[in-house]
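User: Could we go through this model together, beginning with the overall fold and then turning to how the helices pack?
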Amino acid sequence: MGNSLQNRRVKVITVTGGKGGVGKSSVSLNLAVALCQLGRKVMLFDADLGLANIDVMLGLKVKKNLGHVLNGECELKDIILDGPSGLRIVPASSGLRQMAELSREQHAGLIRAFSELDEDIDFLIVDTAAGISDMVLSFCRAAQDVIMVVCNEPTSVADAYAEMKVLSNDYGVSRFRIIGNNLRSLEEGKLMFAKLLAVTTRFLNVTLDLIACIPSDPAVRNAIRKRSCAVEQYPQSPASKIFRMLAARVAQWPIPEIPGGHLEFFVENLVSNEHDGEPQQADDEAVSQ
């Protein structure tokens, strides 16, 4: 590990969700920009390798992406893009099957790329792919905080539970921050959280924290059509107000004084995952007990 990351106090947050279509990337983007508007230095890593969409959402032209980094054609610093409000974006590649199926050597190459990154940032937000691939689990395990985006529909709640089950049983992740997204009301969000809490309390040894209920808001979709994000394009919309409140809360989350409070811990945790071998399969009979 190079010296570039030594003594860096960076908060690493992984944003994930058990299934696709829950608005995970929209949440990641709006939260990241809202943090920037608070004066924080933020980098958003589009870690949905193979189905990248942060750059598409913002209409950014990507000349080189992570595929070029992993092939040794350039360094990570060469592909970073400037986004809204000073946000720094690490774009993945879109529509490339091989990016979604990284070999161990490529996975290690990605880790090395981050270990050599020399950026002055306060937050690294990692927008993962859906599901429970090795890469998703590695990013969740390595981060200091895991945000789980959940919609009030049975498949979303079930898949969020399944991801938390694997992360808890096999990787020791014990705390999850929950965001209810695309909700008709605050009450709907609280009911969704209650359902999730009931099943995790019964079967898992984890702590859940409901940190935001994002309303279904046309401003979010309209902003994407304009290649922007709601907090910048429609700052007074209901969703934008919640995102700003969420950012203010996230900005206050403590960074541990232990080595976990540094960006190198994120990289070292990924390295340790790389050496751990294949993740253990979760006990699929838990919910039937």
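Analyst: Contact here means heavy atoms within 4.5 Å. The model is predicted. Among contacts in the chain with a separation of 6 or more, 81% are accounted for by residues 24 or more positions apart.

User: How many helices and strands does the chain have?
Analyst: The chain has 11 helices and 8 strands.

User: And what share of the residues counts as buried?
Analyst: Of the 289 residues, 55% count as buried. The accessible surface of the chain is about 12,900 Å², and carbon and sulfur atoms contribute 49% of that surface.

User: On to packing. At what angle do the axes of helix 5 and helix 6 cross?
Analyst: The axes of helix 5 (residues 134-142) and helix 6 (residues 154-171) cross at roughly 65° and come within 11 Å. Helix 5 is therefore roughly perpendicular to helix 6. Their crossing is right-handed.

User: Which residues meet there?
Analyst: Helix 5 contributes Val136, Leu137, Cys140 and Arg141, which meet Glu163, Val166, Leu167 and Tyr171 of helix 6. By class, this contact of helix 5 with helix 6 has 6 nonpolar, no polar and 2 charged residues.

User: What about helix 6 and helix 7: left-handed or right-handed?
Analyst: The crossing of helix 6 and helix 7 is right-handed. The axes of helix 6 and helix 7 (residues 186-203) come within 11 Å and cross at roughly 35°.

User: Which residues make that contact?
Analyst: From helix 6 they are Val157, Tyr161 and Met164, and from helix 7 Met192, Leu196, Val199, Thr200 and Phe203. The contact of helix 6 with helix 7 divides into 7 nonpolar, 1 polar and no charged residues.

How values were computed. Residues numbered from 1 in each chain as written. Predicted model: local features only at pLDDT ≥ 70, side-chain atom pairs only at ≥ 80, totals over all residues. Heavy atoms only, no water. Axes fitted to C-alpha atoms, helices over the stretch in contact; angles between N-to-C directions. Helix = DSSP H or I, 4+ residues; strand = E, 2+ residues; numbered from the N terminus. Parallel < 35°, antiparallel > 145°, perpendicular 65-115°, else oblique. Left-handed = near helix turned anticlockwise from the far one by under 90°. Nonpolar A, V, L, I, M, F, W, Y, C, P; charged D, E, K, R; others polar. Buried < 20%, exposed > 50% of the residue type's maximum accessible area, 1.4 Å probe, protein only. Areas by Shrake-Rupley, 256 points an atom, 1.4 Å probe, with all protein chains shown as cover.
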